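Student: I have not read a model like this before, and I would like to go through it feature by feature. Could you show me the structure and then begin with a single residue?

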Amino acid sequence: MKLETKQLEEIRAERGRRNLTIGALAKEVGVSRYTIGNIINGKTDGLNTATFNKITAWLNDAYKEVAK
């Protein structure tokens with residue numbers, strides 16, 4: 001699976017808004033620092049379903065917080 005460009009931009013933006021390190025972001029999402037580093041750098045080809053679902057769930061939670 002692959003993240004869409006908009007999803008990737010939102011991950012980067014939310015990371016910046018919350019001033020999260022790669023390690024802190026990885027911990028929040030529930031994936032390794034290596035995986036988050038690759039995602040931040042645009043290497044999203046071949047994500048497994050579990051990782052994709054964790055990323056999208058984290059983004060959904062971030063959207064909910066912004067909407068408050």
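Tutor: Let us begin with Asn19, which lies in the loop between helix 1 and helix 2; helices here are DSSP runs (H or I, at least four residues), numbered from the N terminus. Before going on, note that this is a predicted model, in which local features need pLDDT of at least 70 and side-chain atom pairs count only at pLDDT 80 or more, while totals for chains, interfaces and linings use all residues. Residues are numbered from 1 along each chain as its sequence is written, and side-chain values use heavy atoms, with hydrogens and water left out.

Student: Is Asn19 buried or exposed?

Tutor: Buried means under 20% relative accessible area, exposed means over 50%, and partly exposed lies in between, with a 1.4 Å probe and protein chains only. At 69% relative accessibility, Asn19 counts as exposed.

Student: What should I look for in the phi of Asn19?

Tutor: Most residues other than glycine have a negative phi. Asn19, although not a glycine, has a positive phi near 55°.

Student: How do helix 2 and helix 3 pack?

Tutor: Two packed helices are described by the angle between their axes and the distance between the axes. The axes are lines fitted to C-alpha atoms over the stretch in contact, and angles run from 0 to 180 degrees between N-to-C directions. Helix 2 (residues 22-29) and helix 3 (residues 33-40) pack at an angle of about 105°, with their axes 8 Å apart. The two helices are therefore roughly perpendicular to each other, a label given to angles of 65 to 115 degrees, whereas under 35 counts as roughly parallel, over 145 as roughly antiparallel and the rest as oblique.

Student: Which residues of helix 2 and helix 3 meet?

Tutor: With contact meaning heavy atoms within 4.5 Å, Ile22, Gly23, Leu25, Ala26 and Val29 in helix 2 meet Arg33, Ile36, Gly37 and Ile40 in helix 3. The residues of this contact divide into six nonpolar, two polar and one charged; Ala, Val, Leu, Ile, Met, Phe, Trp, Tyr, Cys and Pro count as nonpolar, Asp, Glu, Lys and Arg as charged, and the others, Gly among them, as polar.

Student: Which residues of helix 2 are buried?

Tutor: The buried residues of helix 2 are Leu25, Ala26 and Val29. They cover an arc of only 100° around the axis, which puts them on the same side of helix 2; the arc is that of the directions from the helix axis to the C-beta atoms. In helix 3, the buried residues are Ile36, Gly37, Asn38, Ile39 and Ile40.

Student: Which residues touch the most other members of the largest nonpolar core?

Tutor: A nonpolar core is a set of buried Ala, Val, Leu, Ile, Met, Phe, Trp, Tyr and Cys residues joined through side-chain atoms within 4.5 Å. The largest one has 16 residues, of which Ile11, Leu25, Ile36 and Ile55 touch the most other members. Helix 1 (5-18), helix 2, helix 3 and helix 4 each supply at least two residues of this core, and helix 4 gives the most, with four residues.

Student: What does Thr51 touch?

Tutor: Thr51 is found in helix 4 and is buried, with a relative accessible area of 12%. Not counting residues up to four places away in sequence, Thr51 touches Val31, Thr35 and Ile39.
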